[in-house]
Amino acid sequence: DQTRVGDTLRYLSRAMWRLCRGAEAEATAASAVEVLESLPPTSELAWAYANLAAFRMFHGDAEAVPLARKSAELADLLGDSSVLSDALNTEACYRINIGEDGEALLREALHVAMAAQSEEQAGRAFANLHAVLAGEYRLAEAERCFAEAIAYCEEHDMATYGTCLRGERTHTLGKLGRWDEAESQCLDI
């Protein structure tokens, strides 16, 4: 079952990434795409494109954008809002990382995830949006985003993204010299 083989390779690449085996993870992600591209279009292929796009984005590789767009187009065709949100999020992050405006794409990724009740993708979009707002010192917006995002993550038991949100907030409080609040936030993580 080549669909399962390709999807399993994608999952394996994510596990390798978490184990800090970046080069192997990326190669496995590319293998997943290779296996799935030989089959009819599926959500598994859309996820494989999205996964490989994220790896490329992490390295600042411009190939992230066409891969994310392939993923988004296929997700749109198949009606898979979760992978669509993921692809939009990845393209947005790539654009932001190279100094372009990606905020509208990031907000769209959040909107798509929320509308689809895709909790993981909403958590990822909230965490990335908060980081962007905080990084640009748009602190009032960042605080509003944090409050909404942390409530969402706690309500949906999204501990990973809750930790990301608290970590970024702690970093911002430290840059602002709000040491007591930063220390308190660290203890909550």
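Setting aside neighbours within four places in sequence, isoleucine 96 is in contact with Gly102, Glu103, Leu106 and Val132, where contact means heavy atoms within 4.5 Å. The model is predicted: local features need pLDDT of at least 70, side-chain atom pairs count only at pLDDT 80 or more, and totals for chains, interfaces and linings use all residues. Residues are numbered from 1 along each chain as its sequence is written, and side-chain values use heavy atoms, with hydrogens and water left out.

Isoleucine 96 is placed in helix H5 (residues 81-97). Helices here are DSSP runs (H or I, at least four residues), numbered from the N terminus. One of the contacts of isoleucine 96 is Leu106; the two residues are ten apart along the chain, and their C-alpha atoms are separated by 9.6 Å.

Leucine 67 belongs to helix H4 (residues 64-78). Leucine 67 touches Tyr49, Leu52, Ala53 and Arg56, when residues up to four places away in sequence are not counted. From leucine 67 to aspartate 180 there are 113 residues in sequence and 43 Å in space, C-alpha to C-alpha.

Alanine 104 is part of helix H6 (residues 103-116). Between alanine 104 and alanine 92 the separation is twelve residues in sequence and 7.9 Å in space, C-alpha to C-alpha.

The table lists the relative accessible area of these residues, for which buried means under 20%, exposed over 50% and partly exposed in between (1.4 Å probe, protein chains only).

| Residue | Relative accessible area | Class |
|---|---|---|
| Leucine 67 | 6% | buried |
| Isoleucine 96 | 22% | partly exposed |
| Alanine 104 | 58% | exposed |

**Helices H1 and H3**

Two packed helices are described by the angle between their axes and the distance between the axes. For helix H1 (residues 2-18) and helix H3 (residues 43-58), the axes come within 9 Å and cross at roughly 25 degrees. H1 is therefore roughly parallel to H3, a term for angles under 35 degrees. Axes are lines fitted to C-alpha atoms, for helices over the stretch in contact, and angles run from 0 to 180 degrees between N-to-C directions.

H1 and H3 cross in a left-handed way, that is, the near helix is turned anticlockwise from the far one by less than a right angle. On the H1 side, the contact is made by Thr3, Arg4, Asp7, Arg10, Ser13, Arg14 and Trp17. On the H3 side, Glu44, Trp47, Ala48, Asn51, Phe55 and Phe58 take part. The residues of this contact between H1 and H3 divide into five nonpolar, three polar and five charged. Ala, Val, Leu, Ile, Met, Phe, Trp, Tyr, Cys and Pro count as nonpolar, Asp, Glu, Lys and Arg as charged, and the others, Gly among them, as polar.

Note on methods. Helices (H or I, at least four residues) and strands (E, at least two) are DSSP runs, numbered from the N terminus. Angles under 35 degrees count as roughly parallel, over 145 as roughly antiparallel, 65 to 115 as roughly perpendicular and the rest as oblique.
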